[in-house]
Amino acid sequence: VVVVFFAGSWPSHAGLSVFLQMFVVRYDAVKQPFLAKHTDDGDISINILLSDDFEGGGTRFWNRLTNAPFARIFPRMGQVLTHSALVHHEGMPVKKGIRYILVGFLAIDRVDPLKPTTHTGLSWFASYLSISYWHNKLKEGYTAAHSRLEKRLAGISSRQKWTDNANVRSVFLYLILQLEWLGDKLSKHVAIDLVPESHHDAFLKQLDRAGEQQQESRARWFEGQQLYLDVDGTVASEWKTRRRTGSSDEGSITEL
């Protein structure tokens, strides 16, 4: 797997990264050929092309301020496209065949969502002083509050937090939209080839060396995937498939 393209506008963070979700998406020329404009959960998104027996496809990125696309990228099979989860993008229509991609959403925070008392070392500059940090935190809180409200109305759960208040949710939504506009206004929209084809082999060797130095007994991304976070960085809910793994990590709250 080779990281080839970065597309986005918002700055990224440096610190602990956890895969909140990983899943495979199928674009079928007959059934679901495309995915409309959207943003993703978490801070950083990746997708890896798993097939090449199709025509069309690719990912197109949009500048919300100008309402115009600034890049359309066609990775080759096995290549990775990574971008800020906050950037508007869409899966372009597959005209023939089936396109498979592996998608992952990463969260980067000052605290470990599975162990909220553990500080990750993320600096104040990259968190509390970052537009994208607050945009994502407020978005997580707003989404989690709506999820709890829906469960209470359906009689599934009685859990409630101060962020569930209608006035608080309205303030969150207002701030989300304002920070979204400010981030798009101040940041450049670019698409960059991070690893030129001539450097692929050297890049893969470096990844192999880094993997050999990894001493952890299991992958950190699997421990933390399939999670939805709240505004305070703790786990709001998780997928049923995560609970079936027998995980007893701190922060497990509810099944979806």
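Predicted model: local features only at pLDDT ≥ 70, side-chain atom pairs only at ≥ 80, totals over all residues.
Which element supplies the largest share of the lining of the second largest pocket?

View 1. Of the 22 residues that line the second largest pocket, Glu-140, Thr-143, Ala-144, Tyr-228 and Leu-229 are the closest to its centre. Helix 1 gives the largest share of the lining, eight residues. At least two lining residues each come from strand 2 (16–28), helix 1 (131–153), strand 14 (227–229) and strand 15 (235–238). Sorted by class, the lining of the second largest pocket consists of seven nonpolar, eight polar and seven charged residues.

**View 2. The aromatic pair of Tyr-133 and Trp-134.** Four aromatic pairs are found in a search of the whole structure. In one of them, Tyr-133 and Trp-134 are arranged edge-to-face, at 5.6 Å centre to centre and with 90 degrees between the planes. Tyr-133 has a relative accessibility of 6% and therefore counts as buried. Trp-134 has a relative accessible area of 36%, so this residue is partly exposed. Lys-137 also belongs in this view: Lys-137 lies over the face of Tyr-133, 5.7 Å from the ring centre.

**View 3. The aromatic pair of Trp-162 and Phe-172.** The ring centres of Trp-162 and Phe-172 are 6.3 Å apart; the pair is edge-to-face because the planes stand at 90 degrees. Trp-162 is in the loop between helix 1 and helix 2 (166–186), while Phe-172 is in helix 2, and the two residues are ten residues apart. The pair thus links distant parts of the chain. Phe-172 counts as buried, because its relative accessibility is 8%.

**View 4. Lys-37 over the ring of Trp-62.** The charged end of Lys-37 is placed over the Trp-62 ring. The distance from this charged end to the ring centre is 4.1 Å.

**View 5. Strand 8 beside strand 4.** Strand 8 covers residues 79–84, and strand 4 covers residues 44–49. The two strands run antiparallel and are joined by five bridges. Ile-44 stands opposite Ser-84, a residue of strand 8. How many residues of strand 8 are buried? Six of its six residues are buried, and the strand is described as mostly covered.

Methods. Residues numbered from 1 in each chain as written. Heavy atoms only, no water. 1 Å grid on protein atoms, 1.4 Å probe; cavity = no way out; pocket = protein on both sides within 12 Å on 5 of 7 lines; lining within 4 Å. Helix = DSSP H or I, 4+ residues; strand = E, 2+ residues; numbered from the N terminus. Nonpolar A, V, L, I, M, F, W, Y, C, P; charged D, E, K, R; others polar. Phe/Tyr/Trp six-rings, centres within 6.5 Å; stacked < 30°, edge-to-face > 60°. Buried < 20%, exposed > 50% of the residue type's maximum accessible area, 1.4 Å probe, protein only. Lys NZ or Arg CZ within 6 Å of the ring centre and 35° of its normal. Pairing = 2+ DSSP bridges.
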